[in-house]
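Okay, thanks for having me on the list today. Let me put the structure up, and then I'll talk you through a few parts of it.

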Amino acid sequence: MVPNSEIREARRVGLFVTCLVNTMRPRVGFAALRLLEQSGCDVDVPQMQSCCGQPAFNSGDDEGTRQIACRIIEKFEEFDYVVVPSGSCGGMIKTHFVGLFEDQSEWFDRAQKLAAKTYELLSFLVDVCAWKPEGVRLDAAYTYHDSCSGLREMGVYEQPRKLLAAVEGLTFNPMVHSSECCGFGGTFCVKYSDISNAIVGEKADDVLATKARLLLGGDMGCLMNIAGKLNRDNHTRVTVMHTAEVLAGMAGDVRKSQDD
Amino acid sequence: MQTHPEKFQENVAKALANPQLKIAIRRTTDRAESKRAEAISNFPKFDHARTQGKRIKDHVIENLGYYLTEFERNATANGAVVHWASDAEQARSIVIDICSRQKGRRVTRAKSMLGEEIGLADALDDAEFDRVETDLAEHIIQLAGDPPSHIVWPSMHLTREDVVRLFRKHHRNPTDSEEITELVDSARRELRSKFLTADIGITGANFLLADSGSVCTVTNEGNAELTTTPPVVHIVTAGIEKLVPSMAHAMPLLRLLVRSATGGEITQYTTFHAGPKRQNDLDGPAEFHIVLVDNGRTRMLSQGMSEMLRCIRCGACLNHCVVYKHIGGHAYGGVYPGPMGSVLTPNLDGLERARKLAHACTLNGRCQEVCPVQIPLPKLLRALRASSWEKKYEPPVNRLAVAGFVMLAKRPRLFQLFASVGVLGMRMFGRSGWISSMPLSRGWTANRDLPAPEKSTFLGQYKKFRDGRRPYQN
């Protein structure tokens, strides 16, 4: 085996936490940290980080988004890799920053370089680190929601399934329409709350139809949306978690929480 | 048709309150989705075909002037009369003028979205022509007095039960049966005599072939052929983006079109109309008119929307859109619904009126994934949002909220402070780990609970963890 110190020199990772993980579910941040360290990365979490800018970008405020993007580029370009525990925030940095700087060549180049080394967490662990969990156990049946940006902007589909297949005790109950949008859509879910509600209602039905007691995914926004809908409709048997929590052995005892 | 995209929210409320509508939409879109998936899985290298389709359309759009001139020259040589209309009003008046010159007033029409776009149905009614829609679904919505709710299945908002009721009320010799074949026969009896006695037939075009000057239409019912053969006059109304260089270019696009639209392998009828009846022809119209319509298309070219001109009107983006599936076509309030409509309507009816459509999308990217000519619909919808922002069409409250967000997000220290305080504030509203309502959260908590956050933010906890003051406990 290669000593840890050598790998550390090879792979310096900056963790972009995302606002939802930062505020709503810090456990996912610690899970990401643990997984990246286990896979041999030297991880740093810059304190001076905020949001990827999607709320401004998707509202049409390109100038505001550019200003946010510049701060992120400055802060993260020193790393070998930027890893994000979210397909949509990762997709923002990887696929959308560049387009903001089409007529500013210096920032365009910097955005392009940053894009090239930005990864969604789960696909990074598989595609770059060739890592898989060892000795992690969770006795539960899970189903999976493929968040749209992860799937279509970042190419995340097989990787989480592959990682979860290495967790002992887990069984997979596939869900119909697993790659159909859950209706979150960032600001969409509050601007068009009623349409979003109709969409997530169907998603919740699809989750329940799998009989799995654990719903996993890779994006906090979508997970909060589905979890919030399930809870509002009193379907408390299903626990909703970020995939990283399970992989890092931080899921606790799922069955126990289901019996509440 | 009258458009009302500015009433989007009211239209949506009405649509969501109608459980019948959701059933009607789902019946069609679920079938369309699975049939398309099957059709493309049987097609070798469908993605390659999509790229080819995109390239053909891009080539034409980049050389639009050249191909328009070539088409006009060849169509004229075939004996057609080519007319140019810069907007909907001009297009309507050209058609009405041609119709008014004829002796008879019976007009049959084959389904055409361009016809809807230029408001031809209302114009014919206002000029007191006897207008008959010959596509089965168009016939149904003509009886119902509804605008189309889908670009391929215009009556998809109606159920079979609705159709039974309409036919009993309006057909001269209706069926007692509710069987589909009986209903189709009833429509056939009703329409057959209209076909044979029509004076003028009006169609759209799926493709305009520049090198032969001919017009391609596809239908599954043969109604375009019956609309164009018996009458003395055939009028084609077509958007200028319908051009392709030749038959060899139309074919790959036809293959993409049918698979993306209905999941079939070929449409029942694919007809190339090349001019009026010639000397020794047994049938065909004596006059053949082609009205080429711009109506904002060249403006779209100059405003960064040229990719939208690739659209071949297959409807796949509607069938795969989660928003469309819940609200249906009428809620969009424009001629064209769904993702493609949300791009086209702001271009046709004005961004200020239709700006809400650009926002009524989760940007999930499924439409782009299924589009046979790879139109980046989410990118175009975002561009419309940016344009609406720049032109200050967005309401002040939204602008203020986004400006506040940007101000914080640019200043990570302040952002963190705000997040930490926010977390503490939110925790006050949590009950057994969930928040069911709190100030300013209505958009979320009207329909969903919000998980209550942990005691402090990740970055706050991480700082202590990194400084060794406290190991992280899960």
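Predicted model: local features only at pLDDT ≥ 70, side-chain atom pairs only at ≥ 80, totals over all residues.

Now over to chain A. You're looking at 15 helices and 8 strands there. The radius of gyration of chain A comes out at 18 Å, close to the 18 Å from the globule rule for 260 residues, so chain A is as compact as a globular protein of that length. Buried residues account for 58% of the 260 in chain A. And if you take the chain A contacts with a separation of 6 or more, 78% of them are between residues 24 or more positions apart.

Let's zoom in on a sheet in chain A. It's an open one, with 4 strands running β2-β1-β3-β4, and the pairing is parallel. At the edges of the sheet you've got β2 (42–44) and β4 (118–120) of chain A, each with a single partner strand, so one side of each has no neighbour in the sheet. From one strand to the next, the twist averages 30°.

Last stop: β1 (residues 12–15) and β3 (residues 81–84) of chain A, which pair in the parallel sense over 3 bridges. To pick out one residue, A:Val13 has A:Tyr81 in β3(A) as its bridge partner.

Methods. Residues numbered from 1 in each chain as written. Chains lettered and ligands numbered in written order. Helix = DSSP H or I, 4+ residues; strand = E, 2+ residues; numbered from the N terminus. Rg over C-alpha atoms; globule rule 2.2 N^0.38 Å. Buried ≥ 20, exposed ≤ 12 C-beta atoms within 10 Å, placed from the backbone. Contact = placed C-beta atoms within 7 Å. Pairing = 2+ DSSP bridges. Axes fitted to C-alpha atoms, helices over the stretch in contact; angles between N-to-C directions.
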